[in-house]
Amino acid sequence: MSRLVVVSNRVAVPDDGPARAGGLAVALREALQENGGIWFGWSGKTAVRPAEEPAVTEAPPVTYATLDLSRCDHQEYYNGFANRTLWPLFHYRLDLADFNRQDYTGYLRVNTHFAEKLQPLLRATDDIWVHDYHLIPFASELRRLGVANRIGFFLHTPFPAMEVFLALPSHERLARSLCAYDVVGFQTMNDLRAFQDYIVHEQGGEFLGDNMLRAFGRTLRAEVYPIGIEVEAMQRTAAHAMQEPAVRRLIKHMGERRLMIGVDRLDYSKGIPERFRSFERFLEKFPSHQGSVSLMQIAPVSRGEVPEYKAIRSELEHLAGHINGVYGELDWMPIRYLNKGFPRETLTGFYRACRVGVVTPLRDGMNLVAKEYVASQNPHEPGVLVLSRFAGAARELDAAVLVNPFDHENVADALNRALAMSLEERTERWEAMMQKVHDSSLDKWRERFLSVLRAVPEGGYGAA
Ligand SMILES: O=P(O)(O)OC[C@H]1O[C@H](O[C@H]2O[C@H](CO)[C@@H](O)[C@H](O)[C@H]2O)[C@H](O)[C@@H](O)[C@@H]1O
Ligand SMILES: O=c1ccn([C@@H]2O[C@H](COP(=O)(O)OP(=O)(O)O)[C@@H](O)[C@H]2O)c(=O)[nH]1
């Protein structure tokens, strides 16, 4: 079978240690190990004068090849166009999107540079799998260099409704770039429909049926591949994680009290301020829970150089301080807000120890935390997942208590309902969700995508 080449902004180089070896990294590494291959992308580092050639780590049969970014490239490509233009736009935050032409130029420059550095490493028979919004123009850059290989793309974020995408000054160029791939994968039907809508109604493309599209002189397959987690591994870890020192400390501290848990990168798309306000409303509306229920929010800092991320950090510090000041007692704090990350092994224990998982993003591509919370539960005493209808995960986990995160009253009621839920109902919902989590495990996601990519005829689906 042909070799696989994975291209992503972040690369999980083995030497970087276990902290990075998350589910996605493990799944991609396994795919690379099957037939050998290359994992190519940013090193995660900036340098004053970055080396011209990629740094290569050999871990046979996998080669890791990474490039440093200059400060300017990092600013314009990663902090700028990827995370101040595309990220807010794709998460329906037009109010936060910054349409800076210089950042856009930097984004294209890095994509061109990366493509030029990968091209000499490629063989004619390699299958190439590119990931996420940082690298949308990557295939068109490779095509420009004469690369005719099969190239697939998976978008981990939502794809926005046509009217929102149209606000992007470079929408046409990016859409054209997406059509340079042979297979484009989305998390949900919603995302796929939005893309098809744009291609057909704005670009005069043609829907050929069977998920095939023709646009910009090319034919491609665009489909839904919901990403998942390593279910069995997570279940095993969760059962043992209750003995982890951090988890034991938490359980000891809780005593008879009950905990709700939120775990998110510190990102405005995750709806954490709205969650805190909903929790405040819950305490106000159901005062019997005061003194006996707390919300533990784990929120490691993310993209900390981007101004909007700095702003949300101070907003949350203020809110948590306010709620704890108003409702807190000498021996009870309503919100435990931790600005640090934990290894996934510890998180599984936290998930299992917490009666309610609160996953309320305003918009999210998938949200793996929702699936991890479900998989970590004790089958004999499962907790309840309160899930935003705007997370991709809600499409599959419709047995969760679904909420509108903008509606504090709705979320407050849902939290109360989750605490009062009978064991019978909790078990019924949990079993239904576990079935879905199994159906879209990380292995299945990867195998589905790669089998479709590998079935693309040599030379692609043909020109229009
Ligand atoms: O690389 P960072 O800037 O530190 O950000 C971390 C990742 O965040 C985003 O994750 C998305 O992918 C998840 C898995 O498919 C999905 O569940 C979630 O809804 C998405 O937000 C981003 O898309 C990744 O590229 C980042 O590496
Ligand atoms: O302290 C933390 C917080 C989060 N995560 C992991 O980070 C991932 C977050 O993925 P998700 O899809 O929920 O959101 P993203 O951050 O990718 O937007 C999940 O696998 C979490 O277990 C972690 O390992 N430690």
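## Helix packing

Angles under 35 degrees count as roughly parallel, over 145 as roughly antiparallel, 65 to 115 as roughly perpendicular and the rest as oblique. In this predicted model, helix α8 (residues 231-241) and helix α12 (residues 344-353) have axes that come within 8 Å and cross at roughly 75 degrees. The two helices, α8 and α12, are therefore roughly perpendicular. Axes are lines fitted to C-alpha atoms, for helices over the stretch in contact, with angles from 0 to 180 degrees between N-to-C directions.

From α8, Met234, Thr237, Ala238 and Ala241 meet Glu345, Thr346, Thr348, Gly349, Tyr351 and Arg352 of α12. That contact (C-beta atoms, placed from the backbone, within 7 Å) holds four nonpolar, four polar and two charged residues. Helices (H or I, at least four residues) and strands (E, at least two) are DSSP runs, numbered from the N terminus.

## Ligand 1

Ligand 1 lies between domain 1 (4-228 + 443-455) and domain 2 (231-439), because both give residues to its shell. Among the residues around ligand 1 are Arg10, Asp132, His156, Arg303 and Asp364. The shell divides into three nonpolar, five polar and four charged residues.

## Leu397

Leu397 sits in the loop between β15 (384-388) and β16 (401-403). Leu397 counts as buried, with 25 C-beta neighbours inside 10 Å; the cut-off is 20 or more. Leaving aside neighbours within four places in sequence, Leu397 contacts Ala370, Val374, Leu385, Leu387, Met433 and Lys436.

## Conventions

Residues are numbered from 1 along each chain as its sequence is written, while chains are lettered from A and ligands numbered from 1 in the order written. Local features need pLDDT of at least 70, side-chain atom pairs count only at pLDDT 80 or more, and totals for chains, interfaces and linings use all residues.

Terms used:
Near = placed C-beta within 6 Å. Nonpolar A, V, L, I, M, F, W, Y, C, P; charged D, E, K, R; others polar. Domains from an automatic or database assignment. Contact = placed C-beta atoms within 7 Å. Buried ≥ 20, exposed ≤ 12 C-beta atoms within 10 Å, placed from the backbone.
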